[in-house]
Structure formats: structure tokens, C-alpha cells
Amino acid sequence: MRSPQVQPAEGLPSRVRIYEVGVRDGLQNEKSIVPVDVKAEFVRRLESAGVETIETTSFVSPRWVPQLADAADLLADLGDSGRAPQRPVLVPNARGLDRALEAGVSSIAIFGSATETFAAKNLNSTLDGQFDMFGPVVDRAKAEGLWVRCYVSMCFGDPWEGDVAAEQVVAVSRRLMDLGCDELSIGDTIGVGTPGQMEAVLDGLVAAGIDLSSIAVHVHDTYGQALANTLTALRKGVSIVDSSAGGLGGCPYAKSATGNLATEDLVWMLHGLGIETGIDLEKLVATSMWMAEQLGRPSASAVVRALGARG
Ligand code: HMG
Ligand code: MG
């Protein structure tokens, strides 16, 4: 299978930690519910392709996201692979944390909103109310020894409110990190951002005292800006990138959100730049082609389509 010609460039990290979200962000957005054994096989194949961190499912309300109502069954099916891969899960509230702890998770992610409207649509909360919901979750998770990530959604534009000021993103991020989270992921939920915005948000976060080593970027590719925004973030010193195998993804509570940056497209660029990921691209492409068959439609990833057709 073809691989990219390697030509390193200045000012980039030597290794990037890829935080795979296809199983959660991808499958939460499918019209049909993917059977639990297919989800488990997807996780296993991703792990065998060298993907180290896989956000596996969500302990959210099954009425809100029926696609992931099988969260506990999936974790039971996966068991312990014996090599302790990171398998974080989304948790919004105390009930979600109870369920996640019962399932034996070691890492969770809470998910806040930079805008008032999306806090209402996605969390049935106000912007301020989300901190009251997440605060006790983070306190208890840390007391139980869990690793905690926080997402901030709608950082680069909101389908209802339009433009989102970088200052607003920074203020929400600071408040979430102050709850005691270990990592922050900045979401372009509807994929509208451009590189200047990415720079402004990252500059703001750093000025607010958030260390670049704890910042991840989570970009959807709706307007084709995902790789450009990611490269901009890498040049600013970010080294954690969220992406989704095959470019699956979206948010059921933001209809204008389409797929995430495809992991294969990201890996092609990173390996071309001589940046380590630990991922075997050939195995990853095979995994996404297998998943595309399960879902009955071709992968959205340009690299999967190119390598799948030509090798
Ligand atoms: P609510 O309806 O206000 O909840 O939803 P509630 O606290 O009033 O509870 C109502 C009922 O739901 C109760 O049951 C609860 O027990 C139950 P009843 O007493 O009526 O029988 N319930 C639960 N059951 C199981 N697990 C739970 C749970 N919570 C309540 N965790 C809530 C509030 C936050 C729960 C709801 O809004 C919710 O689940 N939202 C999640 C939506 C979601 O998952 N969105 C997609 C993920 S975010 C995303 O994709 C963006 C991201 O990728 C980054 C980016 O792209 O920007 C992360
Ligand atoms: Mg997302």
C-alpha cells in the first residue's frame, strides 16, 4: 500500500497522540443502531491498528442518544484487553458517572458548551447550569482516581448563535479546567472554523494559563477546514488531536455537524511530516473499509477512498 513521502517541517511536534472518537462521535450519529458486537469488533480492530486512545461510548441518557444505550454491554464485551488501552467514555451527570463506575471505566470526558443555545439543546441546561452539573461529576471522578477530559463545543461558530467570540471559549474552558480536569478538547462541532480563529482561541487559552500540553483539538470537517485547522494547532504547539476512523461523526443535537477529521487523513499528513503516531495506516484503512461495509456506505475519508481503490 502506498505511503506518503516523508519530509519533516520546522516547528512541529515529533509525536502526536491521536484520540480516536469514531466509535463514540461516529456511531452516536448513525441513523440505525449498530449492534454491540460490531462496535466491539470496531474497537478491537482499531486497537490492533495501533490506536492507543479510543473514546468508546457515552453514559448519557439513552432517551437522548439511543445509539449508545448499550454502553455497559459494550464495555462488558470488550473486557480487559490485557494491554490497558485508554478507553474514555462521555459522562454528563451523576447518573452517568454511577453507570460508568459500575462498568469499571478509568477515564471519562465531560462535555460543555461555549454557547447558551447549545447548552440547552445538548444538555438541557443553561450555560451556567452546566458547571453545576459537571462540578460534582469531576469531584467524584477525581476522588475515584479517574482521568478526566473536558470538551468545549461550538468554539468556532454555532448554528443558532452564529459567531462565537474567542473570549467566550476561553472563559468556558477556564471554568471547566478549574473544576479539576486533566485535559481540554476544543471542539469545532459544526466544522466552520478557519486557521486564524484556531490561533486566536489557542492564544487566548495559553494567556488564561492553560498549558498547551493539556489542550487537544477536535475538528469536524463540514467545510473542509479540518486538516488546515489541525496543522495550525500543531504549529502552535498542540500535540493531541481528536479524529475519527473513516471520518465518521456528527452530533445528533447539531444537525449541521458532519463527520470529524478522518484519522486516516490525519495520519497520512503526520507520517508525511515524519511525526510518530504509533498507527499502522494499512490496518487502519482496512478497519475503516470493514466498518463502511457494516454501515452500508463508502467512507468519507479521502485517504481511505484513495488507498482502498488503488492501494
Ligand atoms: P434531562 O432530560 O434534563 O435529564 O437530560 P434529567 O436529569 O432530568 O433526567 C431525566 C431522566 O433521564 C431520568 O430518568 C434520569 O434518571 C435519566 P427517569 O427518572 O425519568 O426514569 N437520566 C439518565 N439515564 C441514564 N444515564 C444518564 C442519565 N441522565 C439522566 N446519564 C442529560 C440531561 C444531560 C442527561 C441529557 O441532555 C443528555 O443525555 N445529553 C447528552 C447529549 C449527547 O450525548 N450529545 C452528544 C455528545 S456531545 C458531542 O457530540 C460534541 C463533542 O463531540 C465535541 C464537539 O464536537 O464539539 C463531544
Ligand atoms: Mg464531536
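Predicted model: local features only at pLDDT ≥ 70, side-chain atom pairs only at ≥ 80, totals over all residues.
In sequence, the residues that donate to the magnesium ion (ligand 2) follow the spacing D-x192-H-x1-H. The protein donors are D25 through OD, H218 through NE2 and H220 through NE2, and they lie 2.1 to 2.3 Å from the ion. D25 belongs to helix 1 (22-26), whereas H220 is found in the loop between strand 8 (215-219) and helix 9 (226-236), so this pair ties together parts of the chain that are 195 residues apart in sequence.

**Location and shell of ligand 1**
- Ligand 1 sits in the largest pocket, and of the 27 residues around ligand 1 those that come nearest are Q28, N93, N124, S153 and T189.
- At least two residues of this shell are supplied by each of helix 1 (22-26), helix 4 (94-102), helix 5 (116-123) and strand 6 (147-153), with the largest share, 3 residues, coming from helix 4.
- By residue class, the shell around ligand 1 divides into 11 nonpolar, 11 polar and 5 charged residues.

- A polar side-chain atom of T189, which is one of the residues that come nearest to ligand 1, lies 2.6 Å from an oxygen atom of the ligand.
- The side chain of W64 places an N or O atom 3.3 Å from an oxygen atom of ligand 1, while at V60 a polar backbone atom is 3.3 Å from a nitrogen atom of ligand 1.
- Taken alone, ligand 1 exposes 1,100 Å², and the protein buries 75% of that area.

Technical notes. Residues numbered from 1 in each chain as written. Chains lettered and ligands numbered in written order. Heavy atoms only, no water. Near = heavy atom within 4 Å. Polar contact = N/O pair within 3.5 Å; in protein donor to acceptor, adjacent residues only side chain to side chain. Areas by Shrake-Rupley, 256 points an atom, 1.4 Å probe, with all protein chains shown as cover. 1 Å grid on protein atoms, 1.4 Å probe; cavity = no way out; pocket = protein on both sides within 12 Å on 5 of 7 lines; lining within 4 Å. Sits in = over half its atoms within 2 Å of the grid points. Helix = DSSP H or I, 4+ residues; strand = E, 2+ residues; numbered from the N terminus. Nonpolar A, V, L, I, M, F, W, Y, C, P; charged D, E, K, R; others polar. Donors = N, O, S within 2.8 Å, 3.2 Å for Na, K, Ca; no water.
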